[in-house]
Amino acid sequence: MNKMRIAGAVLTSLIVGGLGVTASGFRTPVATQTLKIITWVNPPAVAVLKQINAEFHKKYPNVNVVFQTAADRSGPYATLESTTIRGNTVDIMGTGPIQPLPAHPTTSNMSNEQLWGTHGLYVPLNSQPWVKAFSPKINATEMYQGKLEGLVTGTYTQGVFYNKAVFAKYHLTVPRTYNAFIALCKRLKSHGVTPLFDGLQDVGPAYLGFIYEPLMQEVWRPHVLGGNLNKALSTGSARWTSPYFVKVMQREKTIMQYLEPNFQGVPWQSMPGDFASGKAAMLLDGSWDLAAVHTANPKMKVGFFPLPGSNHPAYNVPFVAGDLTWVVLHNAPNKVAAYKWLNFFSSPKIYQQYVNAVGITPSRLGGTYHSFAQSVMGPWFGKGVNAAQVFPDLPASGPYWDQSSNWPKLQLEMYQGTYTPKKVASMYQQGWPTVIK
Amino acid sequence: MAGLPTVNRGSGGIPSGPQRGRSRPMVSVGVFRGRARLPIYLLMLPGALIYLVLGIVPSVATAVISLTNYTGVPGIPANFVGIQNYVQAFSIDWPGVAGSIVDTLVFGIAVTVVQNVLALLLAEMLRRRMPGVAFFRALIFLPAVLGVTVVGLIWALIFNPSGGPAANLLHVFHATSAFFGSNTWALPLVIFVQVWSSLGFTVLVYLSGMNAIPGEMYEAAQLDGGSSWNVFRFVTFPMIAPSMTVDVLLAAVGSLNVYNLIYVLTDGLYHTNTLGMFMFNSAFQGSGDLGFGATLSMILFLITLLVALPLQKYLRKREARVL
C-alpha cells in the first residue's frame, strides 16, 4: 500500500511539475524553442560565446541555444557552411563580410559569402534595434543594395607578435624596414634562436597569408594608382606579372627561411602555445590568437609591430580585415529567436564581454574595452590597410591561382623551388582576363 | 615439393568459393510458375527498392549533376552545361586532375599490396595456438573500431614536428622531418596510417579463411615432411583464395575512394590530393561546385571500375583454379 502511495505521489508531482504549477495556480506550458548557431573555432571566441549563450538562456529560458563549431574557416568550417546553406536547420551562421564585391559580379568571381549574400540567402537586418549602435562604415562592408546582410562583430589585425624578453636579452629594437627586419632575424638565428613561428600543416598554408598578405599591401599596393590594388587588379590596370609582385614573392621566400624548422608540418592550432612556450622569438599571426597566447603563458610580455615588408617605413602598416559576421539565414527555422540573440549579443555589456575576450577592434560605437590584444598592440590596434584594398576575393576554389584554396599551395611550391617567382607571376596572370571580363 | 598433398576439390569440405555453390541445393525461380512466383518477387521488393533508392538513384543523379553547374545553394539556378565540366577537367584543370590520378593510383596500389601482405603474415602468425594470441588479435583489430578523425588526430600528434614523439625520436639521430608537411614523406605516412587503421579487418578475413581449412590437410602436409614455408605456400595460400578475393577487392576499391583520412591528415597537400580528396574539396569545401565535383566522381568511378573489374575477374579465376 505504501508503495502505491509513493508511486502516486511521484506520478502526481511529475504531472504537476510538467504542467508548471505555481503558487498562483496552473500556468500555460511554455513551448521550448531551439536556436542553432554555427561558427568556426577560435578558442577564446568559442569560450566567451558559450558564456553568452548561457546568459541568453537565463534571460530567455524557453530558448535552448545549440552551438556548433568546426575547425578553421578555410577548412572543415567551410564544409559546414556550404552544407548549412543548402539546408534549413541553422538560424545564425558565422561568416565574413561581403564587401567589396567585384566590379562585375558573377557566380564565378564572387566568394561564397558574396554569392550567398547577393542571392537572398541572408535575411536583411536593417530594421533591427542594434543597427544604429554600430559603425556605419563597418555596416557598409555587409551592405548589398541597401540591405544590411549581417552583424560584423569587429576587425582583426595581422602582424608580428614578439617576445619582449628575447628582444631585451639580445638588445634588439623593433624593426621599421624590411632590411632591418631581415638583419634582426639573422641575428636571432646566429644566437640559435628561431626567429619566426607560423604553423602551416594541412589547411595551414593559408597561414602563409601572415607573410604574403602584408607584403602585397606594403610592397605592391602603394605603387598602384589610388592605392587600391584590389580595384586595379579587378579592372585590369594592374597585372600579376608586375615586378612588384615578383618582389613580394622574393621577399616572402627570404622571410620564410627564418620560420621554425619543418614549419609545413607544424599544426596551426598549436601556434599560440608554441610561441608562448618560447619556441620562437616572434609569432606571425592575427590578433585573435593573442588571448590564447596570454592563457598559455600569462607572464609573457608580448609586443607587436606590423611585418615590415617595405624599406619605406611609412608603407609598413598592419593588415586588417573584417572579422566574424553573424547572418540570419533565409531558411532559418527560428528567426524570432535569432533576432533576439543578435539583439542580446549587441547589447553594450555582452558585446564588451565578447570584444575583451576575443581581442578584436570593436564595430560598436562608444564603449570602453580592455583586451589583452589592445594592450599589446597599443596605437596599432585596429589600424592599418583593409584586406579589401589588397586583392580580389574570388570563390575559394576553381581554376585561378588567386583563390584561397590555390594560392597557398603555389606559394609553398615557389618557396620549395618548384617555380620561380617570375614563373608564378605569369601563372597568376594566365587566365586572369577571364576573371575580370 | 614432392610428397605434399594436392588439394582434392571433392574432399576438402571447405565452405567457400565455387565449391560452396556446387554443394548447396539450388532452387531455381524457374521451378515456380505463374502466381507461385509472386511471393518471391514480393520478398525481393523491399531490398530492391532500397538498393534502387540508395544505390542507383544517387549514382544516376551524380552522372546528371556532372552535366550541370549545380551548386545546391537555394536561389542559384542550375543550368545544363553539357560536357563543359569534363572539358574543364581535361583542359584547364588537367594538371591538377592528372596529379590526382597519379596520387590515387600510387595510394591505391601501395595500400592494397602492403595491407594484404602484412595482414597475411599476421594472420598466419595469429592462427596458431600460443599464449596471448587472443590479446594480439584484439590489439590488431583495435584501430578498426576507431573513427577516422580519432585515427587522424592520433597520428597527427605523433608526427607533429614541433615536439611530437616521432620528431623527438628522429632528433636522437640528428634528423628532422616535416612529416605530414613533407613532399617526400606525407604520402608514405598517409599510406601507413590507412594500412594501420584497416589492417585489423583484413587480418580478420584472412583468419576466418585460415580457420576454415580442415586440420587434416595440415596434418597430411606435416606427415609428408613439408616445411612451414611449404605448408603456407601449398596449403594455406591456395585455400584462402576466397578470403584474398574479398580482402584485395575491398582494399583496392576502398583505397581508391578514400578521402576522409587524407582530409584529416594533410587536406590533400604534399602529393596526397587523391581524386576523392579533390572531389570533396571541389564539391563541399571550396566553392561548393557540385557539378564539377560530380564530374570528378564520375572519373573516379571509371578508374575504380577499370581497376576493380579485371582484378575481380583475375581473382575469381584464381579461386576456381586453386580450389
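Helices (H or I, at least four residues) and strands (E, at least two) are DSSP runs, numbered from the N terminus. Keep in mind that this is a predicted model: local features need pLDDT of at least 70 and side-chain atom pairs count only at pLDDT 80 or more, while totals for chains, interfaces and linings use all residues. Residues are numbered from 1 along each chain as its sequence is written, with chains lettered from A and ligands numbered from 1 in the order in which they are written.

**Stop 1: chain B.** Select chain B and colour by secondary structure: you'll find 14 helices and zero strands.

**Stop 2: where B meets A.** Show both chains. How many residues of chain B are in contact with chain A? There are 30, and they touch 38 residues of chain A; a contact here is two C-beta atoms, placed from the backbone, within 7 Å. On the chain B side, helix H13 (residues 275–285) gives the largest share, four residues. That side of chain B divides into 12 nonpolar, 16 polar and two charged residues. Nonpolar covers Ala, Val, Leu, Ile, Met, Phe, Trp, Tyr, Cys and Pro, charged is Asp, Glu, Lys and Arg, and the others, Gly among them, are polar.

**Stop 3: H13(B).** Zoom in on this helix: 11 of its 11 residues are buried, including Phe278(B), Phe280(B) and Phe284(B).

**Stop 4: strand E3 of chain A.** Select residues 92–95 of chain A. Ile92(A) and Gly94(A) point one way, Met93(A) and Thr95(A) the other, and all are buried. In a regular strand the side chains alternate between the two faces of the sheet. Next, bring in the neighbours; strands pair if DSSP finds at least two bridges between them. E1 (residues 33–40) of chain A runs parallel to E3(A), joined by two bridges, and Ile38(A) has Met93(A) as its bridge partner. E12 (residues 325–328) of chain A pairs with E3(A) in the antiparallel sense over four bridges, with Trp326(A) opposite Gly94(A).

**Stop 5: two domains in chain A.** Colour domain 1 (33–153 + 323–346) and domain 2 (157–320 + 386–436) of chain A separately; these bounds come from an automatic or database domain assignment. Their centres, taken over C-alpha atoms, are 28 Å apart.

Methods
A residue is buried if 20 or more other C-beta atoms lie within 10 Å of its own, exposed if 12 or fewer, and partly exposed in between; C-beta atoms are placed from the backbone.
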